[in-house]
Amino acid sequence: MVSRSHRAILLTLLGGSLVLVGCQESPQGPSHIRPDEEQIHGYDLSRLPRTLFARPQGSAAPEWRRVTPETRTTVPRAARQSPKPSPLVNGSFELNGGVGNNVFTGWTVVDLAGSSGSWFVQTGDASPLNGFQVEPPTDAAFAAMTDQFGPGSHILYQDVLIPSKGSAFLSFDLFLNNLAGQFATPNTLSPDEFPNQQFRVDILNPNAPVADVGAGVLLLVYRTEPGALASSGYRTITVSLQQFRGQVVRIRFAEVDNQSFFQVGVDRVTVGKRSKALKVPKEKIRDRATAALIPFAPESGPFANVLTLGDDETIGPLPIGFEFTFFGNQYTEFNLSSNGFIGFEPDMPNGCCGGGVIPSDDGLNNLIALAWTDLYPPGGGEIAYETRGTGPHRRLVVSYTGVPLFGEAATVTTQVILYERKNVIEIHTAHQDLAAFHIYTQGIENADGTVAAFIDGRVAADYSLTNDAVRFTTKSSGPPSQPEAARPILWPENRHYYLIVEQTTTWQQARAAADTMKFKGVHGHLATVTSEAENAFCYHPARQHRGRLAGG
Ligand SMILES: [Ca+2]
Ligand SMILES: [Ca+2]
Ligand SMILES: [Ca+2]
């Protein structure tokens, strides 16, 4: 097992005082989930990344329901007196029913019946329900933001008279935080269509059904397409509505999720003059990777170091035997999961119970997946590794031979070879059986969970392989990645902020460290975690990762 000797430090903002909390992980570790237990009532943070989502139990047929009374578009007095009245009301969402509420003056919110979550009034840097770290509103104090505990579909709209003269641009600032890691955009707003994980903006005929994506759509302004970056900070989107001059149209923002949490933030909606675009730092993709099929030529066994692993277990660190560069970072050790992958993060999760999506910044990054699925080593086969050759031409071979999948007859025989100096990775698969009820992932992913390489069709999919081989290369244009500065994260349960500082420390050291810490103008204190829920929050891999607080 990976060493668990560390203690974490948590900072919590409590009644105006900052509290530093020492917190020990519960010995049980994450609960073990089986595919036959996949009855999803909501998004469970402990199980990110999600790849298999079932429809919420007992969910009824889609039925659209307004959660706020239909609000007629009226031009407020101040606007009427202005020489160029804005046809849009409350585009900055400052007029609202209060934080945590989903009432916005001038706007109508519609949630699919049975949906979890809504469009909420959002302020500060925490998402309205879950407290995920998000960007603050771009204009004044409030934005409209989706948040949820489980699958759903959420619409925010306003009927607007497009001015007959002058400029007719629609502009809005948009924030996306899609924890599913990728988008799925079927042409429906129903969360009963799987997968459906999208945000779209439409100009709709006000007489069309509110969830229409057919003839009622007069203009598709924006849609999150598969392959787009899953998360992006606020940026300004502008489109011309000149063709609708003099008409009343419906501006509709629609978010659907049934894969994982999805925060969409909207602020500074204007109709008229083109609004000044936010300055957005250029996305710097420093990491690159390739994947290509090559001839099958595995190394022959036996391999010197045989590992005895239980189900859903991670072992390491194990020696690579040389210095290996992966996406620009040097490693001499690796961790191995009994579920068919190796990786370079300390405290690497075991990836139970199916091949995850890559790239996905989901708390399990920086990995090489040979046959990531729910393997079951106690059922047979062998997992072993060996460093072969002499420097500078050594290679590490990690082999899974005849390892069965959990609860089914399928087995996998595959190996990965890491080459010294060339820093090339090869996966040679003698056979991988089609699974009865599991999915596989094969590929590599960088430390940020933003870049991956794989052969199409081999990510979170069921497929078989025979005598197959793939070569992967990685490179990075920047310096080795550094963990970002730690920032406290809100626990919505008690509205306190926590900072997880993963390091080996004593209680005294933790207290001393707390005394030096400050957040929002107040000092830290040492306190004790008092509930199981709080303990779970402390040690949530996804949450730690989202905050970039641990594991570097
Ligand atoms: Ca605002
Ligand atoms: Ca990942
Ligand atoms: Ca397993």
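Strand β22 (residues 411-419) and strand β23 (residues 425-432) run antiparallel and are joined by seven bridges. Within this pairing, T414 has T429 of β23 as its bridge partner. Strands here, like helices, are DSSP runs numbered from the N terminus, a helix being H or I over at least four residues and a strand being E over at least two; two strands pair if DSSP finds at least two bridges between them.

The model is a predicted one, in which local features need pLDDT of at least 70 and side-chain atom pairs count only at pLDDT 80 or more, while totals for chains, interfaces and linings use all residues. Residues are numbered from 1 along each chain as its sequence is written, and chains are lettered from A and ligands numbered from 1 in the order in which they are written.

**Chain overview and confidence**

- The secondary structure of the protein chain amounts to four helices and 32 strands.
- Of its 552 residues, 48% count as buried; a residue is buried if 20 or more other C-beta atoms lie within 10 Å of its own, exposed if 12 or fewer, and partly exposed in between, with C-beta atoms placed from the backbone.
- Two residues are in contact if their C-beta atoms, placed from the backbone, lie within 7 Å. Among contacts in the protein chain between residues at least 6 apart in sequence, 71% join residues at least 24 apart.
- The average pLDDT of the protein chain is 80, and 74% of the residues score at least 70; pLDDT is the predictor's confidence in each residue, from 0 to 100.
- Over residues 481-485 the pLDDT is below 50, and this stretch has six contacts in the model beyond near neighbours in sequence.
- Residues 541-552 also have a pLDDT under 50, and the model gives them 34 contacts beyond four places in sequence.

**The seven-stranded sheet**

- Strands β22 and β23 belong to an open sheet of seven strands, ordered β14-β26-β23-β22-β21-β20-β15, with antiparallel pairing.
- The edges are formed by β14 (287-293) and β15 (305-307); each has a single partner strand, so one side of each is left without a neighbour in the sheet.
- On average, neighbouring strands of this sheet are turned by 15° against each other, direction ignored. For such angles, axes are lines fitted to C-alpha atoms (for helices over the stretch in contact), and the angles run from 0 to 180 degrees between N-to-C directions.

- Two bridges pair β6 with β13 in the antiparallel sense, and M145 stands opposite G265 in β13.

**Nonpolar cores**

- The largest nonpolar core has 53 residues, and those with the most contacts inside it are A144, L156, I162, L241, V249, V264 and V266. A nonpolar core is a set of buried Ala, Val, Leu, Ile, Met, Phe, Trp, Tyr and Cys residues joined through C-beta atoms within 7 Å.
- Strands that each supply at least two residues of this core include β6 (143-147), β7 (152-161), β8 (169-178) and β13 (262-272).
- Not counting residues up to four places away in sequence, I162 touches P87, A168, L241, F244, R245, G246, Q247, V249 and V271.
- Apart from this core lies another, of 52 residues, among them F341, V398, L418 and I427.

**Backbone geometry in loops**

- The peptide bond from G301 to P302 is cis, with omega near 0°, and P302 is found in the loop between β14 and β15.
- A cis peptide bond also runs from C352 to C353, with omega near 10°; C353 lies in the loop between β18 (341-343) and β19 (367-372).
- N90 is not a glycine, yet has a positive phi of about 55°. N90 is found in the loop between α1 (77-81) and β4 (108-112) and is partly exposed, with 19 other C-beta atoms within 10 Å.
- F327, likewise a residue other than glycine, has a positive phi near 50°. F327 is in the loop between β16 (314-326) and β17 (329-337) and is buried, with 23 other C-beta atoms within 10 Å.

**A contact across sequence**

- I315 lies in strand β16 and counts as buried, with 20 C-beta neighbours inside 10 Å.
- I315 and M348 are 33 residues apart in sequence, and their C-alpha atoms are 8.9 Å apart in space.
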